[in-house]
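I opened my notebook to learn how this chain folds. Come and look with me, strand by strand.

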Amino acid sequence: MEITFRGVRGSYPVAAPHGVRYGGNTSCIEVWTGDTCLIIDAGTGIRTLGKELIARDQRDIHLLISHTHWDHVQGFPHFAPQHDENAHIRIYSLAHADRALADIFRAQQQAPFYPVSIDDLEARIDFIDLQDAQSFQIGEVHITCHRLNHPSFTGGYCIEYGGKVLAYASDADIYGPNLLGDGMKNGAPELEQVRREHLQNSARDLAHRADLLICDTFFLPGEYQPDWGHSRPEDGLRLADEAQVQRLALFHHEPHRSDEEMDAIEERYRKEALCDLFASVEGMELSL
Ligand SMILES: [Zn+2]
Ligand SMILES: [Zn+2]
């Protein structure tokens, strides 16, 4: 598995001197398993990747969307393979209760918000709505989607290939006290506790014995907001420990975090981690 971080910021892209080294684009991870191209999330980091996929004539593209908050889909209208009549883009995401994935993408990419409607693109685009804990196969790659604790409908992905496991858990408040997803709140206390345990077990299943866990660590402890749906590095360390993860990537960085602050966070949490740990940087490449 060949992995490249294309965008590592949370919430919105930043183009400012404070974050040039870690990068300002929002969530996007490029994953190659042999000739199969997987992309996790379509934040603004997907734009340059699209141009490269055109250049190498990659026609089959599998896009795994965690959820449809802007920082995870906003790059899609600028993804050049949309305009390649030979391209076939399959877009996967956890199903919403009330709207099809295709309709959510259509709402983002239409006038007056964007000049070219998603219905007028040259590429073939298929939308696949997933259920919680659903597994599926793309060639020799085995993928499972698990629901996570975050507003709306949010899924993480466990990607298995060639005996290696990549886990992606962003966005998520993994151990938070509040149930944040649509349809999860306002139950009896016992029911809420069952749901809370289910979501935490889902995160552990997702990350189980992963060679690499890419984890939302947006907040520092003093910044934590229990209703926003994001975790702290402490939560990532706890999940990595409970799920026996080999390597943890801090991800979905707070947009105003400076390069120096990111360096300090990485150094601090490396000392506390039982596994290998690094702060993800835009452009970083690694192999599993
Ligand atoms: Zn996000
Ligand atoms: Zn989000």
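My entries on the strands, sheets and helices follow.

**Ground rules.** This is a predicted model, where local features need pLDDT of at least 70, side-chain atom pairs count only at pLDDT 80 or more, and totals for chains, interfaces and linings use all residues. Residues are numbered from 1 along each chain as its sequence is written, while chains are lettered from A and ligands numbered from 1 in the order in which they are written.

**Entry 1: strand β2.** I began with β2, residues 28-33. My helices (H or I, at least four residues) and strands (E, at least two) are DSSP runs, numbered from the N terminus. Is β2 mostly covered or exposed? I found 5 of its 6 residues buried. I call a residue buried if 20 or more other C-beta atoms lie within 10 Å of its own, exposed if 12 or fewer, and partly exposed in between, with C-beta atoms placed from the backbone.

**Entry 2: the partners of β2.** I count two strands as paired if DSSP finds at least two bridges between them. Strand β1 (residues 2-7) runs antiparallel to β2, joined by 5 bridges. Here I saw Thr 4 opposite Glu 30, and Phe 5 with Ile 29 as its bridge partner. Strand β3 (residues 36-40) is also antiparallel to β2, again with 5 bridges. On this side Ile 29 faces Ile 40. The hairpin of β2 and β3 has 2 residues between the strands, and Gly 34 takes a positive phi near 60° there.

**Entry 3: the sheet around β2.** Which order do the strands take? I read β6-β5-β4-β3-β2-β1-β14, an open sheet of 7 strands with mixed pairing. Its edges are β6 (124-130) and β14 (285-287), each pairing on one side only. From one strand to the next, the twist averages 20°. Axes here are lines fitted to C-alpha atoms, for helices over the stretch in contact, and angles run from 0 to 180 degrees between N-to-C directions.

**Entry 4: another sheet.** I then followed β7-β8-β9-β10-β11-β12-β13, an open sheet of 7 strands with mixed pairing. Each of β7 (135-138) and β13 (276-279) has a single partner strand, so one side of each lacks a neighbour in the sheet. The twist averages 20° from one strand to the next. β7 pairs antiparallel with β8 (residues 141-147) over 4 bridges, and Ser 135 has Thr 144 as its bridge partner.

**Entry 5: helices across strands.** Contact means C-beta atoms, placed from the backbone, within 7 Å. Helix α5 (residues 233-242) lies across β11 (212-216) and β12 (247-251), at about 155° to β12. Helix α6 (residues 259-272) lies across β12 and β13, at about 170° to β13.

How values were computed. Two residues are in contact if their C-beta atoms, placed from the backbone, lie within 7 Å.
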